[in-house]
Amino acid sequence: MKKLRPSKLKGQKWAETGGTGVPSRTSDPKDGREITNGSPSHARESPRNPTILPDIRTQLPATMVHAFLIHTLSPPASGDAAFCRVLYSRVFGSERSPADPRPHGPERDRLLRKEQLLAVARQAESACKLLQQASGRPPMDLLPQSSDEPIPLHDAPSGVFRLRPGDPFQEAKVVVWLGFLSLGCALVCEPHENLLLAESTLCLLSRLLLDHLKLLSSSSDILLRADRVEIILNHFLPQGQLLFLNDQFVQGLEKELSASLTR
Amino acid sequence: MFSAGTERLLLQAREIQDEELKKFCLHITGLLQKEDLGNETINCLQRLFLIVSATKYSRKLEKEFVELLLSALYFPKSPEQVQVLCAAIVREISPSDNLTLFYDHIQNTKLLSLVSSVLLAQGNKKDEVRDVGLHVTKIFESRQPEGQSLRYLLPVLSKVITLSPKVLKEDQINLLNKRLIDWLRYASIQQGVAQTSGGFFSNPWARQPAPITEVDGAVATDFFTVLSVGQHYTEDQWLNMKAFSMLRKWLLYSGNDGTDSPDSDDKSELEGSIMSMVSATSTSSRLLPPKERLRENAFEYCQRLIEQSTRRALKKSDFELQKACLSEAVIILDLLCRQDSSFIYRTLTCLKILHGRLCGDLAYVRALLPVAQFFLNHSEAAAVNSEAVYQHLFTNIPSELFYNSVLAFEFIQFCRENIHFLNGNVTIFKSSFPNLIKFLAWNSASLISEFLDILPVFIDASTAIEMLHVLLDMPCLTAALDLYLRSSCPTAEKPLWDPTLKPTSCLDGFRDPHYQALFQHLLRTKARGIIKGLTPLHQLLKPMASCPRVVQCAETVPILIQLFFTVVTEFADGTLINQLVVLLLERSDLLFDVPQFKAAVHRVMSSQLLVLCKLHPSLVVELSKELLEFTGTISNIHSKESLFTNVVWAVGEYLSVLYDRRCTVELINRFFEALEALLFEITQFRPSATLPKCCPRVITVLMTTLTKLVSRSQDLIPRVFLFLSKVRSFAENPTMTSVYSEEDTETILTRATELMNLLKMPSVAQFVLTPSVEVSNPRYHLDTNTSLPLALRMVSQVVEKEAGFLPGQDTNRYRCTLGDLES
């Protein structure tokens with residue numbers, strides 16, 4: 001039998017068992033803001049009121065898209081055999097003033113950036129798999145793929161999850177993702193972004209990618225069309241700013257987009 | 001489409017060697033120097049982008065080459081594709097040292113935006129963000145060049161203030177405040193004109209500007225907003241849209257002064273700012289300084305958006321935008337009230353009406369959370385009672401919309417961010433945990449990590465028992481929620497449930513009055529105690545037990561109950577611990593039959609049982625009836641071996657006067673007899689189909705526990721001595737050796753021999769098996785190898801060799817290796 005140490009179980013270990021492998025939150029039982037209620041006999045035992053601190057809120061407005069990425073969704077049957085690949089990624093700006101004062105080389109910064117995006121892609125992929133599984137929808141590969149049929153994006157699996165500070169970004173982020181064909185698209189947003197707007201923007205971007213990269217016809221290849229993705233993003237998500245676009249604004253931008261792409 | 005071809009291309013790009021890359025760059029250099037900006041160049045740049053982006057390791061590009069890319073980016077004749085590719089390549093290799101970009105001469109705002117994106121990606125090592133910020137602001141200050149639109153620069157400004165808080169000076173902020181006011185409030189309400197060439201036959205009336213309309217097609221009643229519709233938009237209307245898109249961020253930025261933390265829930269800070277703001281309040285907004293005027297205009301803009309969101313949009317995408325705008329408007333109003341308390345009263349009426357409207361209209365449900373946040377932040381200052389808001393939020397929303405995963409996420413975020421306030425001030429919050437758990441039961445995979453953050457707040461002495469039941473019943477709840485959806489909206493266009501599953505019998509049961517009370521209990525919205533006997537539901541819902549959603553939910557339960565015990569053991573007293581142990585013993589049987597669910601829950605239960613026993617050893621005496629009953633049930637050995645073993649171990653460890661003075665010899669004897677009978681039953685009968693093979697661990701734990709008990713009631717020593725020798729012969733019996741492996745037999749034999757040796761010296765036995773607290777605390781030595789078997793072996797060896805010569809004080813050194821649990 002495994003050696004049991006009851007006393008050790010009282011630590012903060014639980015957080016490590018969380019589904020995402022996030023690091024445990026340390027909690028300070030002396031948190032002054034604790035509110036004690038309930039029977040007075042327990043009042044002295046402070047830690048029962050969880051010492052959950054809200055994310056360390058930044059002094060600054062945290063509403064912006066930090067990154068956009070397109071990644072692969074492997075078919076559910078393939079298991080670990082297929083790797084999750086980031087096919088395209090764009091980081092808007094860079095991470096805000098690093099807390100780590102040690103100087104690090106540009107290579108490390110770049111490596112970190114790439115690893116962060118891959119971590120997001122992996123998590124989005126597994127979120128998508130779990131959602132598909134739970135809702136009993138056919139896996140992606142079985143969806144109709146004839147090039148005439150439009151893909152019902154409003155029906156596509158989508159979701160949202162939070163990334164805790166430090167894992168993998170310095171600050172907390174919220175990821176909105178959407179899956180179609182065997183691709184996933186994700187917006188890495190700052191924590192207080194308008195999620196309704198982020199969702200509809202992601203849907204819009206996905207539609208534009210489908211239209212302008214001709215993803216349905218197998219000849220074209222997303223890897224070699226970065227210019228098109230860039231131009232779409234520059235129009236519809238400039239510098240990572242989500243836009244409140246009504247249908248006419250979208251049409252106006254689409255006209256500009258077509259002009260840019262055919263020039 | 002991601003195919004094998006794509007994968008191959010990706011790997012090829014990664015495997016390109018530096019030499020090859022150098023050659024390729026030389027080729028591109030040739031093309032660019034010839035000013036060949038045609039398809040081949042574009043094609044090459046696309047490939048180069050792939051090569052630098054496909055790997056996470058840096059690709060070395062020569063400095064001269066990067067400069068060439070940059071000059072192609074500036075080059076006025078470059079097609080947009082070349083420009084974006086050059087920018088993307090340089091961004092992709094960023095941060096790069098020695099990158100020099102000159103943009104002072106750039107007149108083209110679109111290009112400036114592109115260049116800024118490259119600069120902002122450099123990690124702000126050389127204060128690039130500040131440079132970009134100041135440059136862009138300068139353009140806003142000056143007259144914009146002919147044909148250039150500022151609308152490309154607003155997002156740059158937005159990004160700059162996100163990346164660096166202290167870039168702009170007061171007068172620059174004021175200037176931008178003024179411009180934002182113009183764009184937000186005074187954009188044209190006539191439609192723009194299409195930029196057609198006109199020509200000879202163009203219709204002169206077509207150029208007549210038409211009025212802007214609302215989303216429902218009616219002519220606009222008031223100023224232009226993002227919800228105003230026109231065939232074509234004028235420049236200031238585009239700016240209006242971009243300005244509103246960054247408005248919340250700008251208000252926070254410009255209203256911040258670097259001292260106020262707007263999102264903090266620290267009220268004292270807020271009150272401080274209220275006092276200073278009150279005097280500045282004035283309704284004649286024209287006289288106000290730009291910052292206050294912008295707030296005034298933002299307020300009007302948001303009011304107008306709320307009004308516009310009542311209109312019936314002609315287009316579906318506009319309806320979606322209405323929802324997003326409504327949420328944004330409420331968030332901005334909340335922010336304005338935080339920055340300037342004079343807005344509270346003006347906002348309050350409007351939001352009260354809005355709340356009433358939202359309660360009746362689920363389409364706009366997502367705006368409910370910002371509304372609740374507003375009331376949470378300001379109801380105290382406004383002296384209004386917002387009970388009704390919370391009542392509706394915590395009662396209706398989870399039970400009706402648990403399946404909306406993004407709403408569920410936002411809801412849990414809302415709880416998490418306001419947890420201290422809600423816990424302290426909102427009575428309904430704490431009692432609504434059975435309702436909130438519905439979000440988790442349905443969206444368990446995506447919500448579990450969020451939920452772990454808020455779960456502890458719901459656990460206290462009054463809720464612990466019900467909470468544990470709720471957690472254990474979660475998979476069953478998932479199945480019930482599925483049935484609830486199927487029966488309440490059977491004609492839904494897009495089924496919210498798994499369409500491949502056809503739980504007809506379950507659905508019939510869901511509607512059957514016979515089960516009504518049980519389902520109502522399971523689907524309750526508030527904590528109201530427990531009811532016994534969900535077993536009929538487990539039977540009824542069995543066909544759904546292996547459906548993926550239920551299984552996913554079941555997988556989260558062990559994590560949750562582990563957390564539950566971590567929290568509860570921090571405060572539980574003896575009474576509560578006793579209740580919890582009884583609950584564990586009872587519920588170990590009554591679990592929904594999800595594959596692997598029972599085993600996983602038993603694992604947590606058995607480890608937590610030991611924690612509880614250690615905290616409150618008297619429970620062995622206080623719950624002797626329940627424990628006797630549990631250990632007396634032979635089927636428990638097989639159905640929950642780990643829990644059974646730990647209960648037996650706990651009896652042996654804690655049933656002693658050392659832990660509880662009420663522990664009598666009679667009680668010890670009662671346990672002894674029950675366990676003896678049990679061990680007899682499993683060892684003396686031949687293994688058969690009805691009584692499957694028993695794990696040797698159970699046998700050794702039972703033997704050890706019996707020995708421990710007799711060491712405290714020494715009259716029984718001869719009896720257990722005889723019994724152990726029987727077990728020894730049993731283990732050597734050929735019919736048994738055919739069932740147990742050699743190793744297992746050896747284990748049983750050795751343990752029996754060791755225990756018998758120990759019992760030859762009753763005083764030593766007592767000392768080893770029932771150490772007094774002074775001896776066992778502090779334990780000088782504790783590691784993974786510390787265990788009773790080790791101690792037993794040593795004592796056994798000593799006894800065998802030096803029987804009769806062992807001085808009492810020397811046993812101390814055996815004591816210190818005595819661990820908690822035998823292997």
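In chain A, strand β1 (residues 65-72) and strand β2(A) run antiparallel and are joined by five bridges; two strands are taken to pair if DSSP finds at least two bridges between them. Within this pairing, L69(A) has S89(A) of β2(A) as its bridge partner. Strand β2 of chain A, residues 86-91, is mostly covered, with five of its six residues buried. Here buried means under 20% relative accessible area, exposed means over 50%, and partly exposed lies in between, with a 1.4 Å probe and protein chains only. Strands (E, at least two residues) and helices (H or I, at least four) are DSSP runs numbered from the N terminus.

The model is predicted: local features need pLDDT of at least 70, side-chain atom pairs count only at pLDDT 80 or more, and totals for chains, interfaces and linings use all residues. Residues are numbered from 1 along each chain as its sequence is written, chains are lettered from A and ligands numbered from 1 in the order in which they are written, and side-chain values use heavy atoms, without hydrogens and water.

Further along chain A, the loop between β3 (158-163) and β4 (173-180) contains P168(A). The peptide bond leading from D167(A) into P168(A) is cis, its omega being near 0 degrees.

The loop between β4 and β5 (183-189) of chain A holds L181(A). This residue, which is not glycine, has a positive phi near 45 degrees, and L181(A) is buried, at 2% relative accessibility.

In chain B, E35(B) also has a positive phi without being glycine, near 55 degrees. E35(B) sits in the loop between α2 (18-33) and α3 (39-54) of chain B. With a relative accessible area of 45%, E35(B) is partly exposed.
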